[in-house]
Amino acid sequence: MTEYAVRIIQLSYTYPDGTRALEKIDLDVPCGERIAIVGPSGAGKSTLLLHLNGVLQGTGSIKILNQKLEQSGLREVRRQVGLLFQDPNDQLFCPTVYEDVAFGPLNLTVPADEIQRRVDKALSDAGLNKSIRSRSSHHLSLGERRRVSLAAVLAMEPAILGMDEPTSNLDPRNRHHLIEVISGLKATLIIATHDLELVLDVCPRTVLMDQGKIWADGETRKMLADSRLMDAHGLEVPLSLKLGFKSK
Amino acid sequence: MRHNFIDRYAALDSPLHILEPRTKLLAFTALIVGVLSIPATNGFLFFIYAFAIAIMMGFSQVPLNYIVGRALLLLPFILLASLAAPWKGYLGFGVLFVRAILCLILLILLTNTTRFAELLRGMRKLGCPQILAMNLSFLYRYLFVLTEEAMRMKQARDCRRTASAPFKEELKLLSSMLGTLLIRSFERAERMHSAMLSRGYSGDFPVISPRKFSWHDLAFLSVVTLFIVSTFCFTNR
């Protein structure tokens, strides 16, 4: 029997202002899988991610690691599901990097010596040097901030990791570095992105969302090469696939 | 973009820097109270205090020109405040001015020998309400984000206009820019809250403190106490 990290059944969500953001979403993600959620801006990708740990709560049902997501179990769910936000300035709210990375574990009441170890490990897993610990987030470059955000999420040792546009606005070097870091992660990954080359590199399976609905769900290479499908939803076939650069 | 940080030299490693934040908060508050309670006619005590503060400045390794520069920046406000006490004549003006300058230098020393994060931790440990410390922490963190946003907005405005508009129009533009900033901050606060919830925030902001209370702190506190007590005895003789 397959173990599912995430099982979403008939999830719908309407924002308080009346915008219909998600409509009857069904999605299963087996443990250890890496899936991409692609789609035009405003498709509902970020909204879907925010449902994974109950920050937003729509109608329908969500199971995380076979546990139904409910108000009473939010604490446990937030330990298991880490979310990487698009703007690191939203995610890094402490005066120093160390405090930001330690914030999650401290909330989980992890013992002090364990926190030290977790912070160090998270920083190194995110490809950062230890010397960054005492610096302030507003002194860092965007690439560094993005990686510190990732470290802050990794420090909670989540089984499932949702990322919102992890590579946006990064220069090529930082982007490559981040993709390497992401490829090395062991958690179940759900990546919402426009960066289709990243999807080709990291995710074997892709889900296509548009206007709050899922339009396609399947093997990445097949889907991204389907020019009619891509055009219909405001995307385009990645250049490397068009030119046949990427072979398995 | 470059900013002028209030705790620019806080990362140094001087005898003042290595003290526990609580020690410094207590000692500096006591010294400020001391400065404020010097009798106006006692010029000698002012001199003694100035001397003590100069010694601390020397120990702190914070560059003198930085301290002077910072103090100069706030000089207009001090002058204005001092001028507001005309009923006491020249003496009243002078005393108020010297007091303000001494307190200001103490504050500059405090913020430049203690990282802001540690200062907040010290405040928390001394019983400052969490909500206040948390808000100050966010203020420190997001001041720069907000400044940058405002600067970008100003640049965008300047790029799209050729001459300055009539005063009324300018005012209108300014108010709409401020409104936009407010709404953006509000939205950011919502996203931040989501980020905090996602990392297990449940209403309690945890504190971690790398510095421990040591014999340095004890020594410093004793010296400051002794100093203040002896100056008090001196005035009340």
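## A tour of a helix pair and a pocket

Helices α2(B) and α4(B) lie roughly parallel to each other, because an angle under 35 degrees counts as such. The model on display is a predicted one.

**First selection: the helix pair.** Select residues 43-60 of chain B, helix α2, together with residues 89-113 of chain B, helix α4. Their axes come within 11 Å and cross at roughly 20°. The crossing in which α2(B) passes α4(B) is left-handed.

**Second selection: the side chains between them.** On α2(B), display B:Phe46, B:Tyr49, B:Ala50, B:Ile53, B:Met56, B:Met57 and B:Ser60, which make the contact from that helix. From α4(B), the contact is made by B:Val95, B:Val98, B:Arg99, B:Leu102, B:Ile105, B:Leu106, B:Leu109 and B:Thr113. Colouring the contact by class gives twelve nonpolar, two polar and one charged residues.

**Fourth selection: the elements of the lining.** Select α1 (45-51) and β6 (81-84) of chain A, then α7 (167-198) of chain B; these elements each give two or more residues to the lining of the largest pocket. Helix α7(B) gives the most, with five residues. By class, the lining of this pocket has nine nonpolar, four polar and six charged residues.

Note on methods. Residues numbered from 1 in each chain as written. Chains lettered and ligands numbered in written order. Predicted model: local features only at pLDDT ≥ 70, side-chain atom pairs only at ≥ 80, totals over all residues. Heavy atoms only, no water. Axes fitted to C-alpha atoms, helices over the stretch in contact; angles between N-to-C directions. Helix = DSSP H or I, 4+ residues; strand = E, 2+ residues; numbered from the N terminus. Parallel < 35°, antiparallel > 145°, perpendicular 65-115°, else oblique. Left-handed = near helix turned anticlockwise from the far one by under 90°. Contact = heavy atoms within 4.5 Å. Nonpolar A, V, L, I, M, F, W, Y, C, P; charged D, E, K, R; others polar.
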